[in-house]
Amino acid sequence: MSDTPIPEPLDAADDTPAEGVAAAAPVRKRPKPGERRIQILQTLASMLEQPGAERITTAALAAKLDVSEAALYRHFASKAQMFEGLIDFIESSVFTLVNQIVERDTDPRDQVHKMTTVLLQFGEKNPGMSRVMAGDALVFENERLTARMNQFFDRFESQLRQSLRALAEAGGSQTPTVDAQAQASVLVSFVLGRLQRYARSGFKRLPSEHLDAALRQLAT
């Protein structure tokens, strides 16, 4: 999300009158449709990237954007809806890549390694999003946000199970379903642990740290 161009400030126009010209009313540049909504989400994500950031209020978000709180509510019905916008972005970004991996890679082991890597790399490149994924940013927020993130990881675990079952069957396992369930659960716990450590270390301990070696131990 950090790669999305940020709209120019609303008050970018120079309202200083030229010499000998009567002062006119300042010209406010209006964002294009949907542009302000994106700007709000980008700003929220950037505020979450501050190490040790406390709970973000709509007042603080409005001040950061130099708009009124009422202006925020013209685009989002609540702060929870703003966080849902971030979760929508996480889901869309991650599962678009996951689906591409499943379609292009036939080796289930490669699928598992690449899916896990994609998820952790997404969190690493988007520190604010990693706090949402790990749940740190959702403490004291609407409980439906935590439920949404739980559903995200349930969906990711289900995708891992499919690949891990194929891997277990190829390895001659007598209980491929059970093996896949156990291994998928371990991998999701590993991912969540890496994201939490990243957020709580002030984004110093990278999720990708020794990742290939770790995945060889967890998904052989």
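In the structure, which is a predicted model, the charged end of Arg 155 is placed over the ring of Phe 95, at 3.8 Å from the ring centre.

Four aromatic pairs are present in the structure. One of these is formed by Phe 89 and Phe 122, whose rings are tilted with 40° between their planes and lie 6.1 Å apart, centre to centre. Phe 89 is part of helix H4 (residues 79-104) and Phe 122 is part of helix H5 (residues 108-125), so this pair ties together parts of the chain that are 33 residues apart in sequence. The two partners were also examined for accessibility. Phe 122 has a relative accessibility of 10% and therefore counts as buried, the cut-off for this class being under 20%. Phe 89, at 26% relative accessibility, counts as partly exposed.

Helix H7 comprises 28 residues (residues 143-170). From the first C-alpha to the last, H7 reaches 41 Å, which is close to the 40 Å expected at 1.5 Å a residue. The N-terminal end of H7 is capped by Asn 142, with a side-chain oxygen of Asn 142 located 2.9 Å from the backbone nitrogen of Arg 144.

Conventions:
Residues numbered from 1 in each chain as written. Predicted model: local features only at pLDDT ≥ 70, side-chain atom pairs only at ≥ 80, totals over all residues. Heavy atoms only, no water. Phe/Tyr/Trp six-rings, centres within 6.5 Å; stacked < 30°, edge-to-face > 60°. Helix = DSSP H or I, 4+ residues; strand = E, 2+ residues; numbered from the N terminus. Buried < 20%, exposed > 50% of the residue type's maximum accessible area, 1.4 Å probe, protein only. Lys NZ or Arg CZ within 6 Å of the ring centre and 35° of its normal. Expected span 1.5 Å × (residues − 1). Polar contact = N/O pair within 3.5 Å; in protein donor to acceptor, adjacent residues only side chain to side chain.
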